[in-house]
Amino acid sequence: MAQPDDMFGDEDYPAYTMGRAAEITGASQDFLRRLGEAKLITPLRSSGGHRRYSRYQLRLAARAREMVEQGTALEAACRIIILEDQLEEALRQNENYRRQQEAGA
């Protein structure tokens with residue numbers, strides 16, 4: 001198991017409560033719940049059932065809040081962010097594959 005100091009450097013470590021996540025992102029707690037319903041983010045549940053958010057999830061939530069404030073429907077904003085995230089991951093995998101091919105050539 002990772003040591004506590006290691007976990008706080010982890011983008012995916014669920015370190016933030018819902019209240020703190022709302023503060024950081026400038027969104028309401030209800031907005032964060034709706035992002036979960038829209039499947040943009042799935043917070044970890046503590047043993048007491050409380051939602052816990054990672055820094056990565058907070059970045060997605062902040063991006064969704066910005067898009068919604070600019071007039072994009074919540075569901076559309078979530079879909080756009082999901083697709084952008086998938087594209088970024090595919091590009092990263094392609095770059096890694098290209099580097100492996102060059103190293104093996």
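## Close-up views of a predicted model

**View 1. A three-stranded antiparallel sheet.** E2 and E3 pair in the antiparallel sense over 2 bridges. The model shown here and in the other views is predicted. The sheet is open, has 3 strands and runs in the order E1-E3-E2, with antiparallel pairing. E1 and strand E2 (44–45) are the edge strands, each pairing on one side only. Helix H4 packs on this sheet and touches E1 and E3. The direction of H4 makes about 90° with that of E3. In general, strands of a sheet pair through backbone hydrogen bonds, either parallel or antiparallel.

**View 2. Arg52 in strand E3.** Arg52 is found in strand E3, where Leu44 stands opposite this arginine. Arg52 counts as partly exposed, at 25% relative accessibility. A polar atom of its side chain lies 3.1 Å from the backbone oxygen of Ala15. Neighbours within four places in sequence aside, Arg52 is in contact with Pro14, Ala15, Tyr16, Thr17, Pro43, Leu44, Ser46 and Gln57. Ile82 is 30 residues from Arg52 along the chain, and the two C-alpha atoms are separated by 20 Å.

**View 3. The largest nonpolar core.** This core has 19 residues. Those with the most contacts inside it are Leu32, Leu35, Leu40, Ile41 and Tyr53. Four helices each supply at least two residues of the core: H2 (18–25), H3 (29–37), H4 (55–69) and H5 (74–104). H4 gives the most, with 5 residues.

**View 4. Tyr53 and its contacts.** Tyr53 is one of the core residues with the most contacts inside the core. Residues up to four places away in sequence are not counted in this view. Leu32 and Ile41 are themselves among the core residues with the most contacts inside the core.

**View 5. The buried face of helix H2.** Met18, Ala21, Ala22 and Thr25 are the buried residues of H2. Seen down the axis of H2, these buried residues fall within an arc of 100°, so they line one face of the helix. In general, an α-helix has 3.6 residues a turn, so residues three or four places apart point the same way. The buried residues of H2 pack against strand E1 (16–17), H3, strand E3 (51–53) and H4. Just after H2, Gly26 takes a positive phi of about 75°.

**View 6. Thr25, a buried polar side chain in H2.** Thr25 is found in helix H2. At 4% relative accessibility, Thr25 counts as buried, because the cut-off is under 20%. A polar atom of the Thr25 side chain lies 3.5 Å from the backbone oxygen of Ala22. Thr25 also touches Leu32, Leu58, Ala61, Ala62 and Arg65, with residues up to four places away in sequence not counted.

**View 7. The buried face of helix H3.** Phe31, Leu32 and Leu35 are buried in H3. Viewed down the axis of H3, its buried residues fall within an arc of 100°, so they line one face of the helix. H2, E3, H4 and H5 are included in what covers the buried residues of H3. Leu32 and Leu35 are also among the residues with the most contacts inside the largest nonpolar core.

**View 8. The loop between H3 and E2.** Ala38 is found in this loop, and Lys39 lies in the loop too. Ala38 is partly exposed, with a relative accessible area of 25%. Its C-alpha atom is separated by 8.1 Å from that of Leu74, a residue 36 residues apart from Ala38 along the chain. Lys39 counts as exposed, at 63% relative accessibility. Just after H3, Lys39 takes a positive phi of about 70°, although Lys39 is not a glycine.

Conventions
Residues are numbered from 1 along each chain as its sequence is written. This is a predicted model: local features need pLDDT of at least 70, side-chain atom pairs count only at pLDDT 80 or more; totals for chains, interfaces and linings use all residues. Side-chain values use heavy atoms; hydrogens and water are left out. A nonpolar core is a set of buried Ala, Val, Leu, Ile, Met, Phe, Trp, Tyr and Cys residues joined through side-chain atoms within 4.5 Å. Buried means under 20% relative accessible area, exposed over 50%, partly exposed in between (1.4 Å probe, protein chains only). Contact means heavy atoms within 4.5 Å. The arc is that of the directions from the helix axis to the C-beta atoms. A polar contact is a pair of N or O atoms within 3.5 Å; within protein, one must be able to donate a hydrogen and the other to accept it, and residues adjacent in sequence count only if both atoms are side-chain atoms. Two strands pair if DSSP finds at least two bridges between them. Axes are lines fitted to C-alpha atoms, for helices over the stretch in contact, and angles run from 0 to 180 degrees between N-to-C directions.
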